[in-house]
Amino acid sequence: MSNFGLYEDRVKNFSWSIAEEELEYRQGNVLNIGWYCSDRICLKGKAEKTALIYEGFGGIRKVYSFNDIRLAGNTIGNFLRSIGIVNEDRVCLFMDRIPELYLSFLGVLKIGAIVQPLFSAFGEESLFVRLENAQTRAIITQSKHLSKVRKIIDKLPHLEFIIVADHNKSKKLENREMAFSLQESEPVEHLEIYPTKAETPSVLHYTSGTTGLPKGVKHVHYSLIAQYLTSKWVLDLQDDDIYWCTADPGWVTGTSYGIIGPWSLGITQCVLDSGFSAQAWYKFIQDNKITMWYSAPTAIRSLMRAGDEIVKEFNLSSLRHLASVGEPLNSEAVIWSMKVFGKPFHDTFWQTETGCIMITNFPGMRVKPGSMGRPFPGITGVVLDPKKYEPITETGKIGLIAFRPGWPSMMRGYWNNEEKYKNKFINGWYLSGDRSTIDNEGYFWFIGRDDDVINTGGHLVSPFEVESALLEHPAVAESAVVAKPDEINMEVVKAFITLKPGFTPGPDLELEIMNFVRKKLSSIAMPQAVEFMEKIPKTRSGKIMRRLLHAKEWGEEIGDISTLEND
Ligand code: 6R9
């Protein structure tokens, strides 16, 4: 077989109608992701097949069949409808990775409302800007996260319903709060599915850019077509697989490939919601006989650091296929996985905006450690000259990764931000904002982002958002935030700060400032390092010169500083 195996055949004979036919979808018909992920699988004779295996803290384990998730989706959908939630209302899911999160996802979609999943680790400020931007009407959360919602509720007149999924009856609920218990509700056998069409909005994911507030990436139900086919062909999901996607649904990987892809294929999937440790992860794979594992480079690097010996304490022979996403997957990690698991992690490159995997090491194709692979069949991916915005034909030259729009799961817009959306396109290309080279066999080699966004452990953090949060601290006069190199997370957040008169730099203030950002935004966005400065370097027009600080952190050439403001 050639280096590319099945890949070239699939490229040659490709059409998205392959997925449409397999899903028995005809253009113009009703298309509802919630229905496809549960009701349809039951109708195909898999009602009793396990859909979800959940393990939480303290060894709690729950198992749901496809019929169980169908009923739960109906019950939640019915409840939301009963309180007045209608199609296209935004319903935020703000929960840890408990089963209710996954089941509510289906319920919201079934009634035609839009799901807005957010990390439960978010602090009140991160939560507020996203709920305000989306004008969210309802939020489903847990008691433990209620205090964060209560802090911002007065500033959110559109947020009419705060639904608590695990309410303890001895505690008093406040205005707009209500309890909803799935266990105590009568299961709803028949729910009228809202007749969503291909272009009806489905999921709203927030992602961070360099400037401005986070953007709401709008997806539609038609995204299913691409998420289904990429799950089948790239993640190689097969009927008897036990699949584990380690991503939180607050991140697009946790919805496209942690809910929609696998369930639309009728695959059994596992969720582990008990934090990270090499021991716990290997045990989870062993106990559940996981066959397909989709994870991220930071986790893989942490496992590498835990060492090879610990791997031998577990029986991981069930593993058949491995894949990774979110950050550059270094060649060492691929080589290590060959050594300890006997198979490589297959890198996949994509974005919240693309909704599905775009560039990948296709199963059967020769993996070149350190390369992201080649575009998924049907995807036209190129690197563009950064000045002319035309495809670079020379191999090995750095350009901007761009795609020809038109695949089913492409975002349909940024929520209420037409201008930012328009700026993502040029000469008929969608600009990813990343840089890469392409080698003589068409493999993409990631170089870096083309903006200042920080990718820490796979999470995108906007320097602007952290700078804004820092400015709210009483001691901070000015701040500039850049990425700092880190062995495990690749990048972490570093803040340069000038202080207001009367404040003295020191470790106590440093900790206080770090904690301040953690509470406001999240532990992910919290600066891992703080450096106090006399003056923040700025351009003559007053823009923070992050590039200069970044170069200093990474020991790189500083380049042109002619626009640097003088004293
Ligand atoms: C799915 C997801 C997108 C950004 C993307 C790029 C980085 C993703 C990558 C990768 C190198 C890979 N990224 N996959 N970098 N190699 N295989 O990650 O979505 O959170 O929107 O991030 O992540 O910079 O532009 P999102």
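**Sheets, packed helices and interior of a predicted model**

The buried residues of helix H17 pack against helix H15 (463-471), S25, S26 and S27. Here, buried means under 20% relative accessible area, exposed over 50%, and partly exposed in between, with a 1.4 Å probe and protein chains only. Helices (H or I, at least four residues) and strands (E, at least two) are DSSP runs, numbered from the N terminus. The structure is a predicted model, in which local features need pLDDT of at least 70 and side-chain atom pairs count only at pLDDT 80 or more, while totals for chains, interfaces and linings use all residues. Residues are numbered from 1 along each chain as its sequence is written, and side-chain values use heavy atoms, with hydrogens and water left out.

The buried residues of H17 are Arg546, Leu548, Leu549, Ala551 and Glu553. Helix H17 spans residues 546-554 and lies across S25, S26 and S27, at about 40 degrees to S25. Axes are lines fitted to C-alpha atoms, for helices over the stretch in contact, and angles run from 0 to 180 degrees between N-to-C directions. Contact means heavy atoms within 4.5 Å. Just after H17, glycine 555 has a positive phi of about 60 degrees.

The three strands under discussion form an open sheet in the order S25-S26-S27, with mixed pairing. Strand S25 (476-486) and strand S27 (529-532) are at the edges with a single partner strand each, so one side of each has no neighbour in the sheet. From one strand to the next, the twist averages 25 degrees. Two strands pair if DSSP finds at least two bridges between them. S25 and strand S26 (residues 490-499) run antiparallel and are joined by 10 bridges. Serine 479 has isoleucine 497 in S26 as its bridge partner.

A further open sheet has nine strands in the order S2-S1-S11-S10-S12-S13-S14-S15-S16, and its pairing is also mixed. Strand S2 (61-65) and strand S16 (374-375) are its edge strands, each pairing on one side only. Helix H6 (residues 99-110) packs on this sheet and touches strand S1 (50-56), S2 and strand S11 (268-273); the direction of H6 makes about 25 degrees with that of S2. Helix H10 (residues 252-264) lies across S1, strand S10 (242-245), S11, S12 and S13, and runs at about 165 degrees to S10.

Strand S12 (residues 292-295) is joined to strand S13 (residues 321-325) by four bridges, and the two run parallel. Serine 295 has serine 324 in S13 as its bridge partner. S12 also pairs with S10 in the parallel sense, over three bridges. In that pairing, the bridge partner of cysteine 245 is tyrosine 294 in S12. In a regular strand the side chains alternate between the two faces of the sheet. In S12, Met292 and Tyr294 point one way and Trp293 and Ser295 the other, and all are buried.

Glutamine 227 lies in helix H9 (residues 223-233) and is buried, with a relative accessible area of 2%. Residues up to four places away in sequence not being counted, glutamine 227 touches Ser256, Tyr257, Ile260, Gly261, Gly355 and Ser409. Alanine 299 lies in helix H12 (residues 297-306) and counts as buried at 13% relative accessibility. Apart from neighbours within four places in sequence, alanine 299 is in contact with Phe276 and Trp281. Phenylalanine 276 is 23 residues from alanine 299 along the chain, and their C-alpha atoms are separated by 8.3 Å.

A disulfide is a covalent bond between the sulfur atoms of two cysteines. With a disulfide taken as a pair of cysteine sulfur atoms within 2.5 Å, a search of the whole structure finds zero disulfides. For cysteine 37, the nearest cysteine sulfur is that of cysteine 42, 11 Å away. Cysteine 37 is buried, at a relative accessible area of 0%, and cysteine 42 counts as buried at 14% relative accessibility.

The structure holds two cavities of 30 Å³ or more. On a 1 Å grid over the protein atoms alone, a cavity is a set of points where a 1.4 Å probe fits but cannot get out, and lining residues have an atom within 4 Å of a point. Grid points are joined across faces, edges and corners, and a volume is the space filled by probe spheres set on the points. The largest cavity has about 50 Å³ of space and is lined by Ile76, Glu100, Ser104, Ile140, Ile163, Ala165 and Phe180.

Definitions and conventions. On a 1 Å grid over the protein atoms alone, a cavity is a set of points where a 1.4 Å probe fits but cannot get out, and a pocket is an open set with protein on both sides within 12 Å along at least five of seven lines; lining residues have an atom within 4 Å of a point.
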